[in-house]
Amino acid sequence: MTGNEAVSRPASRGRLATRVLLVVRIVVGLDFIIGGVTKLFGIPVMVNLFDRIGAGQWFRYLVGFLELAGGIGVLIPALSGLAAFGLAALLISATFTNVVVIDDPPWVPLFWLVAVAVVARDRWFTTKALFARFGRGQVDVR
């Protein structure tokens, strides 16, 4: 495949599934953009949450930045799979933190983990193509 060829979608997926997956991507993207912004702007609930975690407020800024970048990335078709994988790693950490560190239930991060896993699986073909282009030095994020 040359750098000019478009990445094709799996042919077996129907219109309804394509639209549902697009809605999932949009919802995931917007949720993480909003979550990242609330952390970066220091909304009191987030400040208190990261006080409970005990890692310092710098960690709130780091997580906020990662969530904002991941949320934006999920909305960009060429980056959505890679961004979803990054958010999945963040959510695995959040689930662990909820259960082990702050003794909160794991259901919210697990819900979002399933959602980003659906996005990552759906966009796997673009992620593979992106890595293939990196390997050949032909990076063209569309």
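Helices here (H or I, at least four residues) and strands (E, at least two) are DSSP runs, numbered from the N terminus. With that in hand, let's walk through the chain. This is a predicted model, in which local features need pLDDT of at least 70, side-chain atom pairs count only at pLDDT 80 or more, and totals for chains, interfaces and linings use all residues. Residues are numbered from 1 along each chain as its sequence is written, and side-chain values use heavy atoms, with hydrogens and water left out.

The chain has six helices and zero strands. How confident was the predictor? Its per-residue confidence, pLDDT, runs from 0 to 100; the chain averages 89, and 87% of the residues score at least 70. Among the elements, helix 3 (residues 57-75) has the highest mean pLDDT, 98, while helix 6 (residues 124-136) has the lowest, 81. Please treat residues 1-6 separately: pLDDT stays under 50 there, and the model has seven contacts for them beyond four places in sequence, a contact being heavy atoms within 4.5 Å.

Now for the charged pairs. The structure holds two salt bridges, each a side-chain nitrogen of Lys or Arg within 4 Å of a carboxyl oxygen of Asp or Glu. In one of them, Lys-39 pairs with Glu-67, with 3.0 Å between the closest N and O atoms. Lys-39 belongs to helix 1 and Glu-67 to helix 3, so this bridge ties together parts that are 28 residues apart in sequence. Both Lys-39 and Glu-67 are buried, where buried means under 20% relative accessible area, exposed over 50%, and partly exposed in between (1.4 Å probe, protein chains only).

Asp-104 and Arg-52 form a salt bridge too, at 2.9 Å from N to O. Asp-104 sits in the loop between helix 4 (80-101) and helix 5 (107-122), and Arg-52 in helix 2 (residues 44-53), 52 residues apart. Asp-104 counts as partly exposed because its relative accessibility is 26%, and Arg-52 is partly exposed at 45%.

Finally, look at the surface. Leu-22, Ile-26, Leu-30, Ile-34 and Leu-75 form a nonpolar patch with about 420 Å² of accessible area together. Patches are made of residues with over 30% relative accessible area and no salt bridge, like charges being joined within 9 Å and nonpolar side chains (Val, Leu, Ile, Met, Phe, Trp, Tyr) within 5 Å; areas come from the Shrake-Rupley method with a 1.4 Å probe, and for residues only the protein chains shown count as cover. Helix 1 (residues 15-40) supplies the largest share of the patch, four residues. Ile-26 lies in that helix and counts as partly exposed, at 37% relative accessibility.

Conventions. pLDDT is the predictor's confidence in each residue, from 0 to 100.
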